[in-house]
Amino acid sequence: MSYADDERIAELEARLLHDDPGFARALGAGRPRPPREYRRGRAWPFVVCAGLVVVLGLALVHGLLLASGVVLAGAAAYRIDSGRLRHGRPTAP
């Protein structure tokens with residue numbers, strides 16, 4: 001391995017540590033975990049809440065509640081897919 005290769009590896013390591021420190025620490029400790037763009041645990045409460053608000057808006061025939069649910073659903077979709085958008089990676093078809 002040459003000096004240029006070592007330099008590139010050190011640069012990749014620094015960038016990974018900056019982008020996702022939890023993933024980098026887990027990888028270094030030998031306990032791999034999914035990278036940030038594949039962890040969506042915090043987005044699921046938004047999805048559930050949006051679904052409940054939409055159903056409640058339909059059941060009560062209340063337009064403002066229904067519109068709020070649709071806006072929450074859009075925010076939930078953004079939270080689920082924002083990791084790939086932030087890093088410039090296209091989503092899978």
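Analyst: A contact here means heavy atoms within 4.5 Å. This is a predicted model, in which local features need pLDDT of at least 70 and side-chain atom pairs count only at pLDDT 80 or more, while totals for chains, interfaces and linings use all residues. Residues are numbered from 1 along each chain as its sequence is written, and side-chain values use heavy atoms, with hydrogens and water left out.

User: Of the contacts in the protein chain with a separation of 6 or more, what percentage joins residues 24 or more positions apart?

Analyst: The protein chain has four helices and zero strands, where helices (H or I, at least four residues) and strands (E, at least two) are DSSP runs numbered from the N terminus. Among contacts with a separation of 6 or more, the share from residues 24 or more positions apart is 31%.

User: Which element of the protein chain has the highest mean pLDDT?

Analyst: The pLDDT is the predictor's confidence in each residue, from 0 to 100. The chain averages 80, and 77% of its residues score at least 70. Helix 2 (residues 21–29) has the lowest mean among the elements, 79, whereas the highest, 92, belongs to helix 3.

User: How far apart are the end C-alpha atoms of helix 3?

Analyst: The expected span of a helix is 1.5 Å times one less than its number of residues. Helix 3 (residues 44–60) has 17 residues and should therefore span 24 Å. The model agrees, its end C-alpha atoms being separated by 24 Å.

User: Within what arc do the buried residues of helix 3 fall?

Analyst: Buried means under 20% relative accessible area, exposed over 50% and partly exposed in between (1.4 Å probe, protein chains only). In helix 3 the buried residues are A50, V53 and G57. They line one face of the helix, because, seen down its axis, the directions to their C-beta atoms fall within an arc of 65 degrees.

User: Which residues are exposed on the other side of helix 3?

Analyst: An α-helix has 3.6 residues a turn, so residues three or four places apart point the same way. On the other side of helix 3, the exposed residues are P45, V48, L52, V55, L58 and A59.

User: Is V61 buried or exposed?

Analyst: V61 lies in the loop between helix 3 and helix 4 (63–86). Its phi is near 50 degrees, a positive value in a residue other than glycine. With a relative accessible area of 73%, V61 is exposed.

User: Which helix is included in what covers the buried residues of helix 2?

Analyst: The buried residues of helix 2 are G22, F23, A24 and A26. What covers them includes helix 1 (3–19).
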